[in-house]
Each structure stands twice: as C-alpha cells, then as structure tokens.
Amino acid sequence: MSGKLFKAHGVFWEPIDSTYGDTFLGDNPFCSNDACRSPLAQANLGTSKTGQYIHGWLCTTCGKEYECPGNDYQELIRKVNRTFEGHKRLGHEIYSLDLAPTQIKDDAEDENYWVQARLGEKNGKRMAVIYFGEKIKGKQNKDDYVQSFIDVEDEQLRFDKNNKNPMKLLVRLEAEFPNSTVEIKRKELDSEA
C-alpha cells in the first residue's frame, strides 16, 4: 500500500508492510496540511478548563497543531488501526458459514418461453435469481428478459430495472415467505377489481 495515506482524526497515517506480509498503520501521524505532510511530534498543547493537559501533535515544519482525542496516544493508535483493518476488508465477498452450502441451478423451456432459476448465497444471505423471457432468434439483450431476485432472509421480491419489467410478460408475480407475501400485479388488474 505504498504511496497511500489514510486520514483519521485530522491527521494522515501511513501504511507499513510488515515482514510477515501484513499491513498496519504506523505509530506516527503526518501533517495533513497540503503543502507539508511532515511527521508530527507529540506535544502538550496547553491545558483545558479543568486544568488537564491537552495532548496532541505539533508539526515542527509548518507549526500546525492537532489535538489527540481522548488524550491517550496509544489508545488512539489502536483505534485507528482497528478502523484500518475494517477498511482493508471493504469490497470483500461475504460468505455465510451459518447457511448450509447451496448452489442450485435449473432451467426449462418450451417453444415460446424459457426460465432459469438459481438458488445460492450473495453477501452472506440466501438469495434466488430467476431469469425468464420469450425465446428470441439471435442474441438476447438485457431488455428481452426479466431478472428477478428473491431475498429469502429479508423476505423481498425485486427485479432488475435494467432488464425487462416482469409485468410485460406476466399478470402477477408472487413470492410467499414464512412471515409475509410479496405480490407484484399489473396496474390494469387493480383498476378492474
């Protein structure tokens, strides 16, 4: 992660690669002044109204002062590194060990229509994806077929708006869950009832 700085509590922190292949943030922050970026020195920035010393950092290059929240350097460094650990895991795929491993795929077709269903896991949740559409000669585009999602855990039924709207092919789409039923119907049917 060389060439990167991370900002936390008003100062910059630089990642350090350990000899064991791990990356952590160094103990010494850097000035966040755009024209400076120099290492900061721990400093007593004065006293509070209650008479306690205010700990912080001083940039000996440009003179800018930074207060250390909580007045405990070591605790702040641990907190910043815990936050950095979380940052390193952003974008990771999530797999649930609470769910039994499942990957089901099935499809069917007749002379006019086709359907494909998949049940598996996405971001640690049980999820079904159902594709269906009319058979078209040649290449199918996204707006030729429906891509619907059934979120089993959150009991939701949705469809991808970049694909065909399911109500262009169906009159009603319903998903029944243990605690709820989700239904999508054409508007014309609502007005006829």
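Let's start with a pairing in this predicted model: the side chains of Asp154 and Lys125 meet in a salt bridge, 2.5 Å from N to O. The two come from distant parts of the chain, 29 residues apart, with Asp154 in the loop between β11 and β12 (156-159) and Lys125 in strand β10 (residues 125-134). Asp154 counts as partly exposed, at 37% relative accessibility, and so does Lys125, at 27%.

A polar atom of the Asp151 side chain lies 3.1 Å from the backbone nitrogen of Asp154. Beyond its sequence neighbours up to four places away, Asp151 touches Lys125, Arg126, Met127, Gln156, Arg158 and Phe177.

The whole structure holds 12 salt bridges. One of them joins Glu75 to Arg78, with the closest N and O atoms 3.1 Å apart. These two sit three residues apart in helix α1, so about one helical turn separates them. Another links Glu85 and Arg89, at 2.9 Å between the closest N and O atoms; this pair belongs to a network of salt bridges that also takes in Asp22 and Lys88.

Now for the inside. The largest nonpolar core has 17 residues, and Trp13, Leu40 and Trp57 have the most contacts within it. β1 (6-8), β2 (11-13), β6 (53-59) and α1 (73-88) each give two or more residues to this core, and α1 supplies the largest share, five. Apart from it lies another core, of eight residues, including Leu157, Met167, Leu173 and Phe177.

Terms used: Residues numbered from 1 in each chain as written. Predicted model: local features only at pLDDT ≥ 70, side-chain atom pairs only at ≥ 80, totals over all residues. Heavy atoms only, no water. Core = buried A, V, L, I, M, F, W, Y, C linked by side-chain atoms within 4.5 Å. Buried < 20%, exposed > 50% of the residue type's maximum accessible area, 1.4 Å probe, protein only. Helix = DSSP H or I, 4+ residues; strand = E, 2+ residues; numbered from the N terminus. Polar contact = N/O pair within 3.5 Å; in protein donor to acceptor, adjacent residues only side chain to side chain. Contact = heavy atoms within 4.5 Å. Salt bridge = Lys/Arg side-chain N within 4 Å of Asp/Glu carboxyl O.
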